Structure formats: structure tokens, C-alpha cells
Amino acid sequence: MNKLWQWGMHWICRARRGMARFRAASFWGFLLFFCWSGMSISGRVDIRMLSLFLALCASTLLAAGWDIMQEGQTKRGKAFVRYIPPAAACILIWGGLQLMAVKDYVVMAGLGMVTAFMSMNLYVVSRNYRSGLFPHLFLGALQAAGVSILSMAALSLCLAAVDAMLISLPWYWWSMAAACSICIIGWNWFLASVPEADMPLRVPLSLKRLCQRVLFPVYGLYLLILYVYIGKFLWLGTMPSGTMNWFGTLALLGYVLFYFLLGETEEMKGKSFFLYTGLALFPVVAVQLLGVYIRYEAYGLTTLRYLSMICTVFGLVALFQGMRRKSIRNLWLLASALALLVTITPANAIDVPVKNQKGRLYAALKYANMLQGGRIVEGKPGEHTRQQIQSAWQYIRQSPAVYADREVKVLAESPVLAQLGAEDSAKQIRVIHADSVTIKAKGAFAVTWFEEPVASDGTLTVQGPKGKETFSVSSFTKQVLQEVCDGRRPNMEYMPRPGCRLLFLEITFQGGRAVLVRGMLAE
């Protein structure tokens, strides 16, 4: 108990050190907690509240960077000045985000702002006087995440005890516990991990050992697996699949992380680790880009594919920087620019893929003579052209751009394309399974397994203990399909009459109609 008390006091004292050193950043962390709690209590996650939350996140990061820069200066201005830049940024970002009428665009722009502010902080700080700060911040972020999780678990346990034994608590108490753990405890723990202005910035020994003894060997094994995959498709004479895309991107980002953590240490500067590792990544990147090109030619551009390309661009720039042993400082500026590019500019991660899919759709419609005078008319496209039209139209109609672009909305609501989609869906087969292969037949005196087709009139004939029996299951199977489409857990038990139960293990649908069922008859 004494040890637990000491750990608790250590957490509190460390959080207090963070509050004392970075008062503005700590203050904005408290505001973020109140905003999170207010959203939880009111249950409102509209654009206004979401914009405020994201604006506070960005302003909190800006306040932290401003405090770090002010700490290194011998001459400081008045204390209240440190609150002005974050407050101005919060007002501007909040107002700008509310101009977007679609929630997905608000989230995208807000996350872009947060990422850009974080990268700009690191760029400005490293440019001024503290170039080796990132390893300390990385280790502090890992520790803060662990402390936040432990705090969240402890507070949740206390709330569960109160809810079970004293009074019933609404759900938002747990959300407020998470907000307190992250925005107050975890955030101030992270701030306390920032080294003092006059401290030498050496890579922490624990982080160096973690990289050299754990992460480097795992990374080498990961590269070996990628090389085995490259050898496999070269041996078989096949082309790389889209699966390689994200694995190649992760290999590049792993190199970037190692370079950011250890690239500026003296012992690593004298070695050729980053040069040889960069050379080993070239075949992986080449195969990854080939796979991306194949998927792009077949299915066009999607949001995830577009983001993967941006990450690959950043990874390649960092790769060349690492091989030439250049400073990582300018990479933070590039990261900030790319984050803003794909979130708040016309080249964002929603509009660019939609524009590409519109081009694919119009090209396929024109090839099938279904585009006349700017209007979409009925036609009979070939199988390959039909698949291209369907894949492009399905992506467009599911995109958030439907609510922001009138042309996209017209395409998504086109009755001709909808009819083409209905014809295509009539050929699709969908199988719905029970939650478990173990079916409960408690209370039945006879059980008969069956696997039978469903007739076109929705009837099912089963060989039971009393002979053949016919049941009408049309309405029941439609209900099962509707429950799955609504995201609910389907009820796979049907009672056609008292004392008789049909327990379905698997139902196969084609074109919205049940065609085959498997299960058992319990009587």
C-alpha cells in the first residue's frame, strides 16, 4: 500500500511540475477537458461542438510550442502574452471549421491543423536551439499514454464500484474519466517530460536500448519477410497485389522513425546504418509503387490510396535525407505542408479521389455511349465497362463529397446508375451466419439437421421426424437481411408454430432473396 501511495504521489507531483512550467499549455488542456466533458454530458457532437474541440486541440499544441520557445529565452515578456497566440488561433480555427457544412470535412481539416501545428512546433524549436528534442518528446508521449491508460482504468474501476453499489451513473461519467486521464493527467505528465532549457539533449539510454535491442531486430525481420514476398512473386511470375502497399509504407515510416530518434546522435553519425538500410528499402519501395500503379489503373484513386501515396512521398524524402546524413529539421516543415495539403486545400483526401472517380465514371459512360449531351442515358455496357461504372459510382455515392458538391450529388442520385447497380446487385451472393456454430436446442425431443434450398415462393421443405414438412420463411429471412443491413445482430431462430423451432446456422441470399439455408429443426 505504501508503494502504491508513493507511485500516486509521484504521478501528482510530476503533473504539477508540468503545470508549473507550462502554464498556458496546461490551461488549454483544462479547457479541452471541459469541452470534452460538455460534449459528453449534452450528447451533442454537432459541427459547432466538434469544431470547438478540434480548435482547442490545435491551440493546446500551439500553446505548448510557444511555452517551450519562451522557456529558452532569457528575456521574457508579460505572462499574459503567452495566452494570446493560442487564443487567436482557437478563434480563427473554430470559425473556419464551422464554415464547412459536412462533418467529415470538419474532422479532416481539424486533424490536419493538429498535425501541422505539432510539426511546426518541432520545426521552430529545432531551428532555434533544441535540435535533439524529439527523442525526449517521443519517450514522454509513450510514458504519458501509459499513465493515461492506467489512470483511465483506475477511475473506471471506481466509477463501476459506485454504479454497482451506491447509485446508478450515466455513461458520460466514464467519458469524463477518459477526458480527465488524457487532457489533465496524461497531458501534464507529457509536459513534465520536456527537458529543461539548459539540459543537454542526449537520447535517453532506455530509448536507445529499446531501438537497438528490440526494434532494430524486429525491423530487420520485417524487411526479410518483404524480401521473401518479392522473391515469391518473382518466382511465380505474378504481379504484386495491393496488400504490399501499406506494408511497404510502414517499412518506410519505420525508417523515418528510427532516423528521427537516432539520426542525430554522435555514435550513429559515424556509422552507415541509415545508408545501407536505405539501399535495402529501394526494392521494397519499387515493388510497392508497382502495386499502387496496378491498383490505381484497375480501381482508380481512393482516400486510403491517396494518403498512402502522400506517406510514401514523405518517406522517400526522409530516406534520401537519412542516406545523406542531413538534419531532420526541414522534414518537420515538409510534414506540416503535406498535412495541410491533404486536409484543407482543394487537393484534400476527399475531393481528389472523388474527382478521379468522376473521370473514370465519365470515361466508362462515354465508352458505353451512355453519355449524350451531358446527360446519362440507359445503355448496355460490356462486363468490364459495367464493373468500372459500378466501382466508380459506388465510391462516389458513399463519399462525403455528396453533401458538398452538387455534381457529385447528381451522379450519386442518378436513376440510370442506380438501376445499373440494382441489376448488378441481383447477381451478388451474400451469406449470413449465426454467431456460433453451437445451436441451442434445449427442450426439444427430436432434432433434425437440414441443408435445403428455399423455393421461389419463400417456402422451405424439411425432412423431419414426422416426414416432410413445409414452412413459409419469406418474411423471416427478409427480417434477418434487414437486421444485418441495419448493423444489428440477426435473430436466427424462427418458430413457425408452437413446439416447433427452426434454428438457422447459415442463410444464403442472392439478389435480396434467400436461396439456401442450413440449420436444424427442433420439435
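The legends below describe close-up views of a predicted model.

**View 1. Helix 13 from end to end.**

**View 2. The buried residues of helix 13.** Leu-331, Trp-332, Ala-335, Ser-336, Leu-338 and Ala-339 are buried in this helix. Down the axis of helix 13, the buried residues fall within an arc of 165°, so they line one face of the helix.

**View 3. The ring pair of Phe-260 and Trp-332.** The ring centres of Phe-260 and Trp-332 are 4.6 Å apart and the ring planes are at 50°, so this pair is tilted. Phe-260 belongs to helix 9 (residues 243-262) and Trp-332 to helix 13 (residues 329-341), so the pair ties together parts that are 72 residues apart in sequence. Phe-260 counts as buried because its relative accessibility is 7%, under the cut-off of 20%. Trp-332, with a relative accessible area of 9%, is buried as well.

**View 4. The ring pair of Trp-187 and Phe-190.** The structure holds 11 aromatic pairs. In one of them, the rings of Trp-187 and Phe-190 have centres 5.7 Å apart and planes at 25°, so the pair is stacked. Both residues lie in helix 7 (residues 172-192), where they are 3 residues apart, about one turn of the helix. Trp-187 and Phe-190 are both buried.

**View 5. A cluster of rings.** Phe-216, Tyr-219 and Phe-258 are linked into a cluster by ring pairs.

Methods: Residues numbered from 1 in each chain as written. Predicted model: local features only at pLDDT ≥ 70, side-chain atom pairs only at ≥ 80, totals over all residues. Heavy atoms only, no water. Phe/Tyr/Trp six-rings, centres within 6.5 Å; stacked < 30°, edge-to-face > 60°. Helix = DSSP H or I, 4+ residues; strand = E, 2+ residues; numbered from the N terminus. Buried < 20%, exposed > 50% of the residue type's maximum accessible area, 1.4 Å probe, protein only. Arc of directions from axis to C-beta.
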